[in-house]
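Me: I am new to this structure and would like to go through it step by step. Could we begin by looking at it together?

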Amino acid sequence: MKTLLMIGCSVCLLVCSSTLALAAGTIKIGALFSVTGPPAFLGEPERNTAKMVVDGINRAGGIRGQKVELIAYDTVGDPTKAVQMATRLIKDDHVVAIIGPSTTGETMAVIPVVERAHVPLISCAAGSKITDPVKHYVFKTAQNDGLAVAKIYDYLQRHRQQRVAILTVSDGFGASGREQLKALAPRYGIRLVVDDTYGPKDTDMTSQLTRIRASQAQALIVWGTNPGPAVIARNARQLGFRLPIYMSHGVSSKKFIALAGSAAEGLKLPSGKVIVADALPKKDPQKNALLAFVKGYQHQYRQEGDHFGGHAWDAVMLLKGAIERGGATPAAIRDALERTRNFHGIGGTFNYSAADHAGLTKDAFIMVEVRNRGWVIAN
Amino acid sequence: MDFGTQLLQYLLSGLSTGAIYALIGIGFSIVYHAIGIINFAQGEFVMLGGMVTLFLLQSLHLPLWAAIPLAVLLASLAGLVFERLAIRPLRKAPPLSLVIVTIGGSILIRGLAMVIWGNDTHRLPSFSGDDPITVAGATLLPQHLWIFGITIALIILNKWFFSHTISGKAMRACSYNPRAAGLVGIDVRRMTMFAFMISAAMGALAGIIAAPLTMTSYDVGIMLGLKGFCAAIIGGMSSGLATVVGGLVLGVLESLGAGLISSGYKDAIAFVILLLILLLRPQGLFGRPESERV
């Protein structure tokens, strides 16, 4: 009995002292990523990157001499779980800011929680409704779909292709893209002559392509995530499709080239700059950050860093900048974040303001082309 | 391009998709005749075909010609295990329970596939290149010819098996009257097992020949399974030509619908046909109410 009591006491002491030691000099940052579950392809690189960046910051002496502690929870892609975890981060872990969640659905669910608790959130999800309208405590790092559309249209305009066919996937990503494609077309003098869709699980799109081929279109824009666009690329090759094909940023990964094979050659798409980091001109302000991220990720995880990891990199680095300038309380971080100007990150150059918590322009994207099973910058 | 060529293109695309549906549909009807239930795990064997072939190619570095038969064999073994573990212990259960068991089995197989191979989409290499072949203005890939060829061969083989071999005839006997078949010395349980193995193998082969065109992932079985079921219903659950025609009709209608009306209705077309047939002609498009079901 006595020994038990002793052990109990010493354990208590140990726990108390260790929390005290931590509390003395650490800045606690919360992270919500769907490391497992359907959006694991987003959450895993995001969690990895956040860890990597925080470790790097701590090795370099922390922020203003204070170490950073990253408390990351897995949301499994479930909005309910995301809300629970966010509450836990705020109430139990007393974090000063949260990065994530990975998906738009989870982010929308978490927003009321952080707004009520006055804790800044930097989401890594892409949906434009996250920051439109602006929420006081909510920022985001992933590029809006509208910017990718603007980038393609800008390119089409310069290449004098005005009659365009669009083929979008009938899910959330495709619906949002279709909306933006239709809304922005008049501004660039573009006429949509075919507006067709395909199902996310469809396995043959030759019918749609045959119809588009028979139309007046001068170019085709395909809006979807793998595997649909790869099937379309292969169908187009089978049909001897001659129109230039543009894809969305949803397929700017090596995976797409692997799926589409030689049919991917010559396709163009707007993409974040990560995949062409090496080929960027030296004067590109993002080049240093991009190379640091790509090399760091390769070194630590033996994999190429991707856009998704980049969103987490930007979120942590934006926080770091804000804490350096303003201090480590939630209110100070929020105010400093909103004053972020010319932050050259992975996703683009961020300029937050009271009216814009997304912070990017269409220059966050670059038009790339598939050549020799790799990416080159399209001119 | 003129309208005629467009139409031909829709037709060719539809026929090749339809051939896949037909093979899956035949798998449904074989099991249906053996124990009188719809095996909703049929789609998962289609998935297993593609995924196991991919696994053999990438992890064991087998050549394609060896990986395909091995994958079909493994899938039919999976069919056997499925029958042993999920169907046989419930021999006395009412058909509805059995059908629900097959749905449970399909979820289990899909889940296992996701745990083992992840949730990425993969592509099998084409059997003989990707250079398009032009037919009167429309285009085909060599893989389409493989699909047509293998489907025709399988249908002939299937017909021969059920009409001219002892095992095939025994299976037919079981489908007419299991009790009588048992009385004349046919091992009914064994025939049920065969039915599961054959249908799994056919499904797997359908999955393999389609995968170079359609890609494969752990969850392709759901939709393909439903479309195959649809084909079998149109064909009145016959394991012969009627189901093949059912599959082809379905494929062509989908393709024409997507091309001429809107691709948004593609899946709707299949399921509207399914409902119409079930409501108006439950014996199938070609069947008489008491047709011979083989």
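Me: Is β1(A) mostly covered or mostly uncovered?

Reply: β1(A) is mostly covered, with six of its eight residues buried. A residue is buried if 20 or more other C-beta atoms, placed from the backbone, lie within 10 Å of its own. Strands are DSSP runs (E, at least two residues) and helices are runs of H or I of at least four residues, numbered from the N terminus. Please note that this is a predicted model, in which local features need pLDDT of at least 70 and side-chain atom pairs count only at pLDDT 80 or more, while totals for chains, interfaces and linings use all residues. Residues are numbered from 1 along each chain as its sequence is written, and chains are lettered from A and ligands numbered from 1 in the order in which they are written.

Me: Over how many bridges do β1(A) and β2(A) pair?

Reply: Eight bridges join β1(A) and β2(A), in the parallel sense; two strands count as paired if DSSP finds at least two bridges between them. Within this pairing, V68(A) in β2(A) is the bridge partner of I27(A).

Me: What is the strand order of the open sheet in chain A?

Reply: The five strands run β2-β1-β3-β4-β5, with parallel pairing. β2 (67–74) and β5 (138–140) of chain A each have a single partner strand, so one side of each is left without a neighbour in the sheet. The twist from one strand to the next averages 25°, where axes are lines fitted to C-alpha atoms (for helices over the stretch in contact) and angles run from 0 to 180 degrees between N-to-C directions.

Me: Which residue in β4(A) does I98(A) stand opposite?

Reply: I98(A) stands opposite L121(A). Their strands, β3 (residues 97–99) and β4 (residues 121–123) of chain A, pair over two bridges in the parallel sense.

Me: Which helix lies across β1, β3 and β4 of chain A?

Reply: That is helix α11 (residues 307–326) of chain A, which runs at about 160° to β3(A).

Me: New topic: how many residues has the largest nonpolar core?

Reply: It has 196 residues, and I98(A), I99(A), L319(A) and A204(B) are those with the most contacts inside it. Such a core is a set of buried Ala, Val, Leu, Ile, Met, Phe, Trp, Tyr and Cys residues joined through C-beta atoms within 7 Å. Helix α8 (residues 188–214) of chain B gives the largest share, 17 residues.

Technical notes: Buried ≥ 20, exposed ≤ 12 C-beta atoms within 10 Å, placed from the backbone. Contact = placed C-beta atoms within 7 Å.
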